[in-house]
Amino acid sequence: MTALAIKNVSVFYPVKGKPPVHALKNIDLEIHEKDFVVALGASGCGKSTLLNLIAGFMAPSEGEISLNGRVVTGPGADRSVVFQKHALLPWLNVLDNVAFGLKIQGQGQAKREQIAREFIKLLGLEQFEQSATYELSGGMQQRVGIARALTSDPDILLMDEPLGALDALTRERAQELILKVWRDTGKMVFFITHSVEEALFMGTKLIVMSPRPGRISHVFDLPFSRQYFESGNAREIKASAEFISLRETILRIIFADEAGANHE
Amino acid sequence: MSDQDAKGGSGLLAGLMKAKPAKPGEIYGVPGQGESFKISAVVIVLLISFWGFVTYAGYIQPLFLPSPTAVLNALFDVIKEGFTGVGFWEHIWISTLRVFGAFVLACAIGIPLGIAMGMSPVARGIFDPPIEFYRPIPPLAYLPLMIIWFGIDELSKVLLIFSSVLAPMVLGARAGVKSASIEQIHAAYSFGATRWQVIRTVILPSAMPEIFTAMRVGIGFGWTTLVAAEMVAATSGLGYMVLSASRFLQTPVVIMGIVVIAAIAYAFDHLVRFVERRVVPWKGRG
């Protein structure tokens, strides 16, 4: 059983003459096979810090993160990252960008292009194989980033606001695309977003984080992505009474956190 | 209309007060937008006409500034007869060899060194003081040392030019290391890249635009230093030609030599720009 385990993880920075600042305090979280975990929260709540810890770009001050029993000590191909932006290599075309990870891992050209083409097809980029990445729209660039992350067959996909820079229409399409990719590949996903609607629609599990110190304040199990696979109508689900009432509940939590920040 | 008059009027100053309206296919306010080739051509023609006018009309003695035809004649003479017993093309060849030898050497050493200094605090700690120490010193000042240490042959000449090209190459490559975004670097590490792979596949390619700029600056320094390098114990080369011609007050040859040096440097600069467009078409758009 593949699983990511975050045990009692804290991150703090020493401050001269004051108690240390906690970016994250006592985080406990388990992500299991086929989980789509979405992290949501006011700015400064430590969502990105948590993702960076899982990716191995940062080290926890206390506690431990392990994937399938192995402790995370640095970045690795079992945890692929989809960044918000600026992560493609503009000197490579789409095909070579998608195949980049495989090249790093020493795959031969024929083999890595074959695998890359598979994911280019999955993300619907066939016509753009030879295009330069800077000629693509923001939505297309994110698809290239997702395809690239999938090529190394990771256990978990880490997505740091991957759709934050997209316009509303493209964003909705990309949400559905990511859900389909998730269903078809069966990866664990840890997904950060600022959009409550996006979080509710996409996740199987929602963690709401609160700042000062960064912590997980609420956890919700979500039914909406399963409903989407049954009905195929995303807008209908997002307009349902159940969806709206949960959205308002979560917005109240986040607004309360933001208000608390202003009173300090 | 009255608004424009109130703000800056017309004429030369108006361009500074308010950007021009965008033409079709342009975007308002992009700095330096528009064609400059025709203006440059007109300026060159005007400069040469002015030069011809003041010399042919006799306002300036030929000793101070010879006429364009005198300079052209000097060129044909030297091409035909050579200068101090050495053929014209040989002067060009030997100088080009010195400058480009030094340039290639400076690239081969300076680019890896700059990348290393950008990547590692140890390399930065070791090489920053010596490079920053010698960088502002004019090559003429340490020319005597170079000659005492490395003799009066080609070695000291090439090393002198090399030392003036090296610093901009190192600085350019070092600054270029910062061009890669942390997301690009993290992406490579996420796939299990080694540090060396990150340097080769992410850091170096994204540093290329800075490195090309450094090459253009560096080769310019190389040609500047050439004359100094050919001051002592040289019997051929464009710098030598200019220096000895000036000693014998052969001003046409001096000016001809200067123009030839400038022409070669200009041609090479265009070559680098051409290669740059081929190698880094993504510059500024990544």
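The model is a predicted one, so local features need pLDDT of at least 70 and side-chain atom pairs count only at pLDDT 80 or more, while totals for chains, interfaces and linings use all residues. Residues are numbered from 1 along each chain as its sequence is written, with chains lettered from A and ligands numbered from 1 in the order in which they are written.

Let's start with the sheet. It is open and has 4 strands, running β2-β1-β4-β5 in chain A with antiparallel pairing. Helices (H or I, at least four residues) and strands (E, at least two) are DSSP runs, numbered from the N terminus, and two strands pair if DSSP finds at least two bridges between them. At the edges sit β2 (18-32) and β5 (70-71) of chain A, each pairing on one side only. Strand β4 (residues 62-67) of chain A joins β5(A) through 2 bridges, in the antiparallel sense. Here A:Ser66 stands opposite A:Val71 in β5(A).

Now for the domains, whose bounds come from an automatic or database domain assignment. Chain A splits into domain 1 (3-78 + 155-263) and domain 2 (89-153). Their C-alpha centres lie 26 Å apart. The contact takes 11 residues from domain 1 of chain A and 9 residues from domain 2 of chain A, where contact means C-beta atoms, placed from the backbone, within 7 Å. On the domain 1 side of chain A, helix α6 (residues 168-185) of chain A gives the most, with 5 residues.

Methods: Contact = placed C-beta atoms within 7 Å.
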